[in-house]
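Me: I am new to this structure and would like to learn how to read its features step by step. Could you take me through them, giving the general idea each time and then the case here?

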Amino acid sequence: MTARRRLAAVLAVAFLGLPVPGTAQQDDAFAQRIDVPLQGFPSCCPRPDWWDAVGEVPRVHSMEGFLQVWQDRSLSAEQRAKALFQAIEDHQQTDHDITAAAVTYFYSVARSYPHIRALTEFGVGRYLDYDQPLDGYSGKSGDRSAGMARNLARIYISDGEPELAVPLLRHILGPRRDEVNDHMLEFAALYLGQALGRLGRNAEAVEVLLAAKRDFEGDWEARLDDQLAETRRAMGPGYYLHDTRVSGPALLAFLALIAAVGVFWRRRPRLR
């Protein structure tokens with residue numbers, strides 16, 4: 001923790017009653033506790049109820065075939081979902097590239113599938129540190145893992161368990177950061193800010209969101225700003241103790257004003 005943050009923490013406790021932010025060491029230790037259940041397939045994930053009604057769909061035999069199916073706009077969402085699920089069934093023991101892609105994309109077209117959490121946990125449990133092949137792909141090797149982790153984090157937050165999303169997203173923003181493109185990193189930071197906010201850890205959320213705006217050149221800055229605004233409303237004046245865009249002199253002047261108001265309030269004439 002920098003001297004400025006340490007000063008801000010002390011004054012936050014003294015004048016605003018805010019909690020002291022966690023240390024980097026605590027964050028690192030917390031990020032190691034990634035507890036994604038190792039789901040077995042297909043026992044975790046029965047076929048969707050609409051399986052037979054959809055009829056025959058193209059079968060995937062290669063990544064080229066996978067992309068053809070995914071980009072085939074003549075297929076309905078359910079047909080595309082069935083083709084992806086079928087690809088997982090066919091290749092989950094033999095082809096990691098097809099399986100990882102199918103799990104990630106399935107979330108996009110079949111989010112209402114009753115076992116979507118178990119299916120996504122199956123994917124993340126196996127592919128959190130998976131390296132995506134870069135032949136014909138302009139991104140980075142960790143993008144597929146980041147996409148699955150983002151999907152699972154959204155599920156955890158939606159299910160009211162944001163504490164499960166935090167270490168998962170910190171893993172993407174930490175150990176895998178150099179292997180993930182900025183677009184995905186901004187997305188991970190956005191959901192990490194949401195999860196931390198749901199846990200009442202707003203000061204940490206501010207630091208994560210501001211770091212993402214500063215460090216990444218993605219497409220989600222407006223969404224990051226919206227999340228910062230929500231966090232600012234939750235924190236009140238204490239937000240500005242953690243907004244690193246506030247200059248040192250301005251921060252000290254703000255804190256001095258708060259201190260002066262406190263002194264004046266204590267010394268004001270009392271009515272007898």
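Me: How much space lies in the second largest pocket?

Reply: On a 1 Å grid over the protein atoms alone, a pocket is an open set of points with protein on both sides within 12 Å along at least five of seven lines, and a volume is the space filled by probe spheres set on the points, which are joined across faces, edges and corners. In this structure the second largest pocket holds about 540 Å³ of space. This is a predicted model, in which local features need pLDDT of at least 70 and side-chain atom pairs count only at pLDDT 80 or more, while totals for chains, interfaces and linings use all residues. Residues are numbered from 1 along each chain as its sequence is written, and side-chain values use heavy atoms, with hydrogens and water left out.

Me: Which residues of the lining lie nearest the centre of the second largest pocket, and which helix supplies the largest share of that lining?

Reply: A residue belongs to a lining when it has an atom within 4 Å of a point, and helices are DSSP runs (H or I, at least four residues) numbered from the N terminus. Here 24 residues line the second largest pocket, and those nearest its centre are Leu67, Tyr105, Gln132, Tyr137 and Arg144. At least two lining residues come from each of α4 (63-71), α6 (96-109), α8 (143-158) and α10 (182-198), and α8 gives the largest share, with 6 residues.

Me: How many residues of each class are in that lining?

Reply: In this scheme Ala, Val, Leu, Ile, Met, Phe, Trp, Tyr, Cys and Pro count as nonpolar, Asp, Glu, Lys and Arg as charged, and the others, Gly among them, as polar. The lining of the second largest pocket then has 9 nonpolar, 7 polar and 8 charged residues.

Me: Is Arg150 buried or exposed, and with which residues is Arg150 in contact?

Reply: Buried means under 20% relative accessible area, exposed means over 50%, and partly exposed lies in between (1.4 Å probe, protein chains only); a salt bridge is a side-chain nitrogen of Lys or Arg within 4 Å of a carboxyl oxygen of Asp or Glu. Arg150, in helix α8, is buried yet has no salt bridge, and the nearest side chain of opposite charge (Lys and Arg count as positive, Asp and Glu as negative, with His and the chain ends not counted) is that of Asp143, 9.7 Å away. Apart from its neighbours within four places in sequence, Arg150 is in contact (heavy atoms within 4.5 Å) with Met184, Phe187 and Tyr191.

Me: How many salt bridges are found in the whole structure, and with which residue does Glu121 form one?

Reply: The search finds 13 salt bridges, and one of them joins Glu121 to Arg117, with the closest N and O atoms 3.4 Å apart. Both residues lie in helix α7 (residues 116-127), 4 residues apart, about one turn of the helix. Glu121 counts as buried because its relative accessibility is 4%, whereas Arg117, at 23%, is partly exposed. Arg117 and Glu121 are also linked with Asp159 and Glu161 in a network of salt bridges.

Me: How many helices and strands are there in the protein?

Reply: With strands taken as DSSP runs of E of at least two residues, the protein has 13 helices and 0 strands. Buried residues make up 47% of its 272 residues.

Conventions:
1 Å grid on protein atoms, 1.4 Å probe; cavity = no way out; pocket = protein on both sides within 12 Å on 5 of 7 lines; lining within 4 Å.
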